[in-house]
Amino acid sequence: MQGSEERAYYELSELKERAPKLFGIPTGTKLDEMFWKVEIEGDKPVKKPLGGIPHLSIINLTGVPDSGKSLLAEQFALYQANEGYKVLFITVESPANFLYTSLKAKSAYLGMDFDRISKNIVVIDASENPELREDPRAFMDTMAYAIREKKTTNVIIDSITGLYEHKEMMARQIVRQFFNFLKKWKQTALFVSQKRSAQGAETAEAAGGLAVAHIVDGSIVMDKKLIETRWDITTFKLPLGSVLRTIRIDGCRLTGHDTRTWVFEITEGGTINIISPLEEFIKRKEVM
Ligand SMILES: Nc1ncnc2c1ncn2[C@@H]1O[C@H](COP(=O)(O)OP(=O)(O)OP(=O)(O)O)[C@@H](O)[C@H]1O
Ligand SMILES: [Mg+2]
């Protein structure tokens with residue numbers, strides 16, 4: 001670029017100052033132990049839990065409708081805000097006043113301080129603002145303002161899919177723009193993306209094809225399975241007609257991670273409780 005200091009190549013050693021430190025941003029769920037890093041102790045590599053999703057990562061949170069994506073995104077926002085970190089929550093599906101009610105109820109259930117939380121979460125409501133949804137530039141200007149003024153460190157977009165409704169040809173380009181934007185502003189982010197039933201339920205493929213999964217730093221897939229056959233009943237030891245919910249880290253470029261499918265439940269307070277890996281879950285004796 002003309003007049004710019006940007007160079008196209010660097011010697012590896014020159015990147016040292018700019019390299020992000022690897023640590024976790026907690027979600028308040030067991031996911032925090034499912035990302036890890038390897039440290040050398042003595043002369044042995046030792047696996048250490050990261051304690052959260054990787055700092056400065058942009059993670060795609062995907063799943064079919066009602067799989068718990070919004071619940072997990074809200075829990076992450078609440079946990080961070082309760083710890084004193086600022087969160088920018090962009091609501092594209094659900095109007096902001098509904099988000100308020102939901103966050104307030106969950107914070108009470110989790111025994112958190114809602115006064116503190118409500119000062120630490122900044123909301124952009126794109127659900128009732130088609131101009132914002134249709135115009136990524138204007139959208140990012142609004143986001144930049146909020147990030148700068150409120151000094152946020154975390155961003156949630158629920159959902160990114162809502163930003164390329166009716167124009168899936170553009171999905172890749174739009175997701176890339178938001179990805180680059182959040183990298184530039186040094187945010188740790190969750191992009192919620194929706195899956196259609198035609199897309200393999202347990203894969204990271206979201207609406208707009210593989211646009212999101214290829215661009216982001218990692219994917220978390222949430223799923224739900226209806227217990228409907230005799231095989232399901234005996235395998236999962238769950239009653240007919242009940243729902244088995246699962247969560248899995250589908251990939252992450254930045255750190256090592258657990259690759260197993262885990263079983264989780266949605267608590268009566270609308271929070272995510274990750275129970276155990278599926279392989280252990282099906283070995284249990286008792287019925288839930
Ligand atoms: N307070 C609650 N108590 C019990 N169950 C709840 C509570 N809140 C939500 N749920 C259940 O959690 C499910 C998952 O909700 P969530 O809104 O997270 O889905 P989602 O994956 O974001 O779906 P969508 O793609 O439609 O936005 C809901 O359908 C509902 O069954
Ligand atoms: Mg949702």
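Among contacts in the protein chain between residues at least 6 apart in sequence, 68% join residues at least 24 apart, two residues being in contact if their C-beta atoms, placed from the backbone, lie within 7 Å. The structure is a predicted model, in which local features need pLDDT of at least 70 and side-chain atom pairs count only at pLDDT 80 or more, whereas totals for chains, interfaces and linings use all residues. Residues are numbered from 1 along each chain as its sequence is written, and chains are lettered from A and ligands numbered from 1 in the order in which they are written.

The protein chain has 9 helices and 14 strands, taken as DSSP runs (H or I, at least four residues, for helices; E, at least two, for strands) and numbered from the N terminus. Its radius of gyration is 20 Å, close to the 19 Å that the globule rule gives for 288 residues, so the chain is as compact as a globular protein of that length; the radius is taken over C-alpha atoms, and the rule is 2.2 Å times the number of residues to the power 0.38. Buried residues make up 38% of the 288 residues, a residue being buried if 20 or more other C-beta atoms, placed from the backbone, lie within 10 Å of its own.

The largest nonpolar core holds 67 residues, of which Ala-77, Ile-156, Ile-157, Leu-190, Phe-191 and Val-212 touch the most other members; such a core is a set of buried Ala, Val, Leu, Ile, Met, Phe, Trp, Tyr and Cys residues joined through C-beta atoms within 7 Å. Helix H1 gives the most to this core, with 8 residues. Leaving aside neighbours within four places in sequence, Ala-77 is in contact with Val-87, Phe-89, Ile-121 and Ile-156.

Strand S11 (residues 243-252) has 7 of its 10 residues buried, so it is largely enclosed by the rest of the structure. Strand S10 (residues 218-226) is joined to S11 by 9 bridges in an antiparallel arrangement, with Gly-218 opposite Cys-252, and S11 also pairs in the antiparallel sense with strand S13 (residues 262-266) over 3 bridges, where Thr-246 stands opposite Val-263. Pairing requires that DSSP find at least two bridges between two strands.

Around ligand 1 lie 14 residues, of which Asp-66, Lys-69, Ser-70, Leu-71 and Gly-270 come nearest; a residue is counted as near if its C-beta atom, placed from the backbone, lies within 6 Å. Helix H1 (residues 69-82) gives the most to this shell, with 3 residues.

Note on methods
A residue is buried if 20 or more other C-beta atoms lie within 10 Å of its own, exposed if 12 or fewer, and partly exposed in between; C-beta atoms are placed from the backbone.
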